[in-house]
Each structure stands twice: as structure tokens, then as C-alpha cells.
Amino acid sequence: MTIKEVLVPDIGSFKDVEIIEILVNVGDSIVTDAALMTVESDKAAMDIPAPFGGIVKELRIKVGDKVSAGSLVLMLDTSSDTTPATASPVVKSFVPPAPPGGGAGGEGNSPVANVPQPTHPAPEVPAHIPPRHQPDPVAAHAEFAAGKAAHASPSVRRFARELGIHPGGADLSRIKGSGPHGRILKEDVQNWIKAELAKPTGEAIGLGFPPAPVIDFAQFGDIETQALSRIKKLSGANLHRNWVSAPHVTQFDEADITDLEDFRKSMLDEAAKSKPGGVKLTLLAFLMKAVVNAMRTYPQFNASLAADGENLVLKKYFHVGFACDTPDGLVVPVIRDVNKKDVMDIARELAELSELARERKLKINAMQGGCFTISSLGGIGGTAFTPIINCPEVAILGLSRASMQPVWNKASKSFEPRLMLPLSLSYDHRVIDGADGARFTSHLRLMLSDVRRLLL
Ligand code: CAO
């Protein structure tokens with residue numbers, strides 16, 4: 001057995017960068033150039049590739065660690081390295097190919113010319129050994145043109161999928177990679193989306209908008225320019241796409257939560273003393289249960305349009321996301337299997353995930369797989385709003401501030417003070433009919449007006 005240390009290679013100006021994802025496990029058999037982990041600085045994220053192949057014996061890093069060039073990543077048993085000769089550890093393999101004429105991966109064509117690339121210390125290669133593992137630039141270019149499989153790590157493919165780009169499909173292969181061997185980096189995906197959205201004629205979505213005027217605001221008074229946070233830029237691109245691609249209808253309604261709030265308040269002390277560590281029993285936790293109950297009754301709300309546009313994919317699981325306001329912008333953590341959890345567990349998870357989100361420690365997989373989203377602005381204010389669907393989900397529920405209202409009681413022929421919660425349900429009209437939108441909020445009203453129903 002030959003055990004070798006795998007160190008972080010020279011990563012340009014990146015120092016003390018955070019590991020945001022580890023892409024291999026102990027026991028994995030990897031080949032040269034396989035992505036080992038993704039690191040991220042304030043400016044960019046990049047995958048760290050394996051300098052040689054073998055079997056992972058020990059991981060010496062974990063998500064959240066900070067690394068620099070030379071940091072120990074893992075121990076690799078290289079005795080079983082099955083990497084074909086073309087991918088031998090001739091470390092030149094990390095140097096991006098420089099195709100003549102600006103083909104795929106060429107610097108001139110790179111969407112992010114200033115993003116530092118992972119480079120290896122250039123080895124002394126004897127003159128008689130030809131540089132290996134250098135893809136033919138013409139072939140690489142042809143691959144893009146033909147829309148064949150694009151060269152991207154799993155994490156980048158997952159990231160692209162979150163943004164609605166179908167990995168392996170024509171979209172991903174339209175992106176030019178600026179990484180080693182033309183590999184598509186996360187920044188390439190971001191820049192591609194940005195460029196598509198910025199197309200002045202609305203070409204990306206075929207709307208034929210006239211170009212937005214470029215205005216120098218300084219001519220009207222003092223201004224200050226602030227860079228958008230990374231989350232704002234990403235969520236902005238997503239929100240824009242979702243807003244224009246899904247025909248939204250918003251159904252407004254009100255639920256009488258007087259009894260629910262009485263019950264919740266009566267349980268606050270007990271919840272605060274519950275093990276482990278107590279929990280704040282929030283209204284949102286009850287709303288999660290009510291939404292799942294309504295999704296069971298109206299399964300088209302727990303669905304996504306298939307990529308072919310011909311089918312509806314109905315989900316049998318109930319993962320519900322919630323919009324969480326953080327100093328850097330909006331994120332949507334997802335609570336899994338809400339149908340299998342009780343309100344206390346959901347409240348606990350809501351608190352944990354919100355805290356992680358605000359501390360920027362939320363893992364990517366904690367924001368994936370959602371079936372439906374709730375956006376609660378009730379703690380802040382407002383009477384109603386039109387939330388944007390978190391595609392490929394087909395509906396989102398907005399909650400505004402509950403207020404005491406005089407409600408007509410037919411039986412006693414009098415107005416009664418009742419605590420009314422405003423509901424704003426946006427849905428994708430391609431999937432959900434108006435009548436079903438109204439049925440869904442009516443169902444929610446029923447569930448919320450009598451908390452015992454949530455047990456059924
Ligand atoms: N009506 C009246 N009061 C409400 C309420 C409602 N619908 N919802 C919550 N409140 C009150 C709570 O009772 C609580 O009051 P106390 O502090 O007196 O107990 C306070 O508001 C805070 O509520 P909470 O702790 O239950 O938190 P929350 O569930 O309201 O919010 C979270 C959690 C993560 C959803 C929230 O922090 C958040 O980020 N909201 C913003 C979401 C957002 O930005 N959506 C917009 C997306 S579209 O751009």
C-alpha cells in the first residue's frame with residue numbers, strides 16, 4: 001500500500017478559504033482531476049482537483065475548515081490508482097488549455113478572466129515527455145458546439161440545476177468553462193445566467209423587451225454605489241426568471257386563528273421547557289402542518305412541471321421551505337418530511353435552520369428538495385403581498401400580520417373580535433386552476449380555524 005498526502009495546490013491569491021462542500025468520502029476510488037472539495041472566498045468558489053488517483057483512506061478536512069495552498073486534504077492509497085495513462089500525474093494537467101483562436105476554455109473567451117484558477121506548481125517535465133492530458137482544443141470546442149456532455153463537477157452541476165439549468169442538457173453545454181480543461185466553474189454558471197438576463201432585448205426569455213435605459217443618476221444628486229451581496233445576485237437572477245417564466249396568480253384569503261393563537265400561547269411555557277434545550281413554539285410551525293395537510297388533499301400543489309413540458313411530476317414526500325431574511329439577503333431553508341414531524345420538532349428545526357442561515361452556515365443540501373415554500377412577513381407587518389413562486393415548485397404561501405377584526409357571527413347575529421391571519425397564495429396557473437387555488441386557501445382556513453383538525 002502506498003499512502004500519499006494530498007495537499008491543496010497553489011490556488012493563486014486564495015488564502016484561508018472556506019471549504020463549503022466535500023465531494024469525496026473515505027473508501028471512494030478517485031481518478032486524477034476528480035473534484036475533491038469546493039472552496040469559496042468572498043469573490044469566487046472553485047473545486048480542488050485530485051493530483052493523482054487512488055482510494056481515499058482518510059479525510060483531514062471538514063466543511064467549514066479554512067485552507068490555503070499546502071493544507072493537508074486527505075490521505076490517498078495510490079497503489080490501486082487506475083487512472084489511465086493519459087491522466088497520469090503530470091501536473092501540467094492542471095494548467096488550463098490555451099486553445100488557439102479563443103476556443104473553449106481560451107482566456108479571451110472566458111466569462112471570468114480574473115477568477116484565480118487552480119494551478120499546480122509547474123513540474124520539471126523532461127523534454128522528451130510530451131505534455132499529456134491536454135484536451136485537443138478543437139475537439140473541446142466541437143463538444144460545446146454539438147451540445148455534448150459538459151465538463152463540470154457534481155457540485156457545479158447541482159448548482160446549475162438549482163438555477164434551472166439542466167445538467168447534461170443543451171443549456172449546461174452552452175456555458176464555456178474557464179477552469180482547467182475547460183471545466184465549468186460555479187462562476188461560469190453565475191456569469192452565464194447574468195449575461196442571459198442582461199441581454200437587452202429579453203432574448204433569454206424571448207420577450208423582446210426594449211433595452212432598459214442606462215441612466216446616470218449622479219446628474220440628479222448625490223449617489224453611492226454598493227455591491228450586491230452574492231446571495232442577492234443569485235436570488236435576484238432566480239426571482240427574475242421565476243417571475244417571468246411562471247404565470248402567477250395570487251389568491252388572497254383570511255384565516256381565523258383566534259383559537260390557534262390561544263392554544264399556541266398556552267403551550268409556550270411547556271415548549272420552552274421541553275427537551276432538549278426548549279423551543280419557541282411559533283405560528284409558522286403550525287402553518288407548515290396545515291400546508292402539508294392541504295397539499296395531501298390537493299396533490300397538484302406538491303408537483304413540478306417535467307422538463308419536457310408534457311408531464312406533471314407528483315411528489316410523494318413533503319419537504320417545505322421557508323423564506324428566511326438574513327443580513328446578506330433571502331435564503332430558503334427546507335424542512336424535510338414535515339408530514340412525519342410534530343409541531344414541536346418543526347418549531348425546533350425552524351429555529352435551528354434560521355440561525356444557521358443568519359450565520360451563513362447553511363449547507364447547500366439544506367436548501368434543496370423543497371416542494372412548497374412559505375414566506376412569513378407576519379412578524380414584520382403588512383396586510384397582503386404577492387410572493388414569487390420558488391420554481392420548480394408550483395405554489396408559495398405568503399403570511400402577513402394577523403390582526404383583530406370584527407367578524408360577523410351568524411348564529412349570535414353580532415360582530416365578534418377574531419384574530420384574522422391574511423394569506424396570499426401565489427400559484428403557477430399552468431399547473432393549478434383558479435378554483436383549486438381558492439379551494440386550497442379555503443382548506444387552510446378550515447385547518448387553522450380548528451387546530452384539532454391538524455391531528456387528523
Ligand atoms: N401575525 C402577527 N404576528 C406574527 C405573525 C403573524 N402572521 N407571525 C409572527 N408573528 C410574531 C410572533 O408572534 C412573534 O412575536 P413575539 O416576539 O412577541 O413572540 C414575532 O412576530 C416573531 O415571530 P417568530 O419568532 O414566530 O418568527 P416568524 O415565524 O415570524 O419568522 C422567519 C421566522 C424565519 C420566517 C423570519 O425571521 C423571516 O425571516 N421572515 C422574513 C421572510 C421574508 O423575507 N419573506 C419575504 C420573501 S419574498 O421577498
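A polar contact is a pair of N or O atoms within 3.5 Å; within protein, one must be able to donate a hydrogen and the other to accept it, and residues adjacent in sequence count only if both atoms are side-chain atoms. The model is predicted: local features need pLDDT of at least 70, side-chain atom pairs count only at pLDDT 80 or more, and totals for chains, interfaces and linings use all residues. Numbering starts from 1 along each chain as its sequence is written, and side-chain values use heavy atoms, with hydrogens and water left out.

**Ligand site**

| Backbone N or O atom of | Ligand atom | Distance |
|---|---|---|
| Ser-376 | nitrogen | 3.1 Å |
| Ser-400 | nitrogen | 2.9 Å |
| Ala-402 | nitrogen | 2.8 Å |

Taken alone, the ligand exposes 980 Å², and the protein buries 66% of that. These areas come from the Shrake-Rupley method with a 1.4 Å probe; for residues, only the protein chains shown count as cover. There are 21 residues around the ligand, and Lys-280, Asp-325, Arg-358, Ser-375 and Ala-402 come nearest. A residue is near if one of its heavy atoms lies within 4 Å. The shell has nine nonpolar, seven polar and five charged residues. Here Ala, Val, Leu, Ile, Met, Phe, Trp, Tyr, Cys and Pro count as nonpolar, Asp, Glu, Lys and Arg as charged, and the others, Gly among them, as polar. Helix H7, strand S13 (324–326), helix H8 and strand S16 (372–376) each supply at least two shell residues. Helices (H or I, at least four residues) and strands (E, at least two) are DSSP runs, numbered from the N terminus.

**Aromatic pairs**

The whole structure holds four aromatic pairs. Rings of Phe, Tyr and Trp (its six-membered ring) pair if their centres lie within 6.5 Å; planes under 30 degrees apart count as stacked, over 60 as edge-to-face and the rest as tilted. Phe-301 and Phe-440 have ring centres 4.0 Å apart and planes at 20°, so this pair is stacked. Phe-301 lies in the loop between H7 and strand S10 (303–305) and Phe-440 in helix H9 (residues 434–449), so the pair ties together parts 139 residues apart in sequence.

**Backbone geometry**

Which peptide bonds are cis? One runs from Lys-275 to Pro-276, with omega near -10°. Pro-276 sits in the loop between H6 and H7. Another runs from Cys-391 to Pro-392, with omega near 10°. Pro-392 is in the loop between S16 and strand S17 (395–399). Asp-33 is not a glycine, yet has a positive phi of about 80°. Its loop joins strand S3 (29–30) and strand S4 (35–40).
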